[in-house]
Amino acid sequence: MRASKPSASHLKAETMKQHRIYQIESTSVCSATCSFCPQPTMQRKRENMSLETFKKVIDAMENQYVALHHFGEPLLNPNLPEMIEYANSKGKIVEFSTNGRGLHDTPKHGDDYLRREIGRAHVCT
C-alpha cells in the first residue's frame with residue numbers, strides 16, 4: 001500500500017506552525033522616541049516583565065521561535081540575559097530588536113548577551 005502525498009494546504013499549515021514567532025514584550029520601558037512607535041504616547045504602565053512570568057509564558061509555548069520585543073527596549077530589562085538563557089534551555093530560538101543603547105551604556109550587559117545563544121538581534125538606530 002502506498003502512502004498518500006500530503007496536500008499543499010496541510011504542508012503550508014505545518015510550515016506555519018513550525019515557524020510561528022511568538023512576540024513577548026519583556027519590557028514596556030524604552031529609552032528612545034522613534035517616530036514610528038506609539039511608545040511615547042502609551043497610557044499603560046511602563047515596567048519590566050519578571051523572570052517568573054517569563055518562565056510561565058515560555059513553558060506554555062509550543063513553538064520554537066520567540067521575539068523579546070514589542071513597544072519597549074529589551075536591553076532595559078535587567079532579567080533579559082536570564083530570559084534568553086531560560087528560553088534557550090527550553091529549545092527556543094530567541095530574537096529581539098534593540099536601539100543598542102543598553103549595550104553601550106552598560107558594557108557588562110554586552111558581555112552577557114555575547115555569552116547567550118541569540119538567533120537574531122536587530123540593532124536599529
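The following legends describe close-up views of a predicted model. Local features need pLDDT of at least 70, side-chain atom pairs count only at pLDDT 80 or more, and totals for chains, interfaces and linings use all residues. Residues are numbered from 1 along each chain as its sequence is written, and side-chain values use heavy atoms, without hydrogens and water.

**View A. Packing of helix 2 (residues 51-60) and helix 3 (residues 80-89).** The two axes lie 10 Å apart at an angle of about 25°. Helix 2 is therefore roughly parallel to helix 3 (angles under 35 degrees count as such). Helices here are DSSP runs, H or I, of at least four residues.

**View B. The contact of helix 2 with helix 3.** Helix 2 contributes Leu51, Phe54, Lys55, Ile58 and Asp59, and helix 3 contributes Glu82, Met83, Tyr86 and Ala87 (contact means heavy atoms within 4.5 Å). These residues comprise 6 nonpolar, no polar and 3 charged (Asp, Glu, Lys and Arg count as charged).

**View C. Pairing of strand 2 (residues 65-67) with strand 3 (residues 93-98).** The strands run parallel and are joined by 3 bridges (pairing requires at least two; a strand is an E run of at least two residues). Val66 has Val94 of strand 3 as its bridge partner.

Technical notes:
Axes are lines fitted to C-alpha atoms, for helices over the stretch in contact, and angles run from 0 to 180 degrees between N-to-C directions. Angles under 35 degrees count as roughly parallel, over 145 as roughly antiparallel, 65 to 115 as roughly perpendicular and the rest as oblique.
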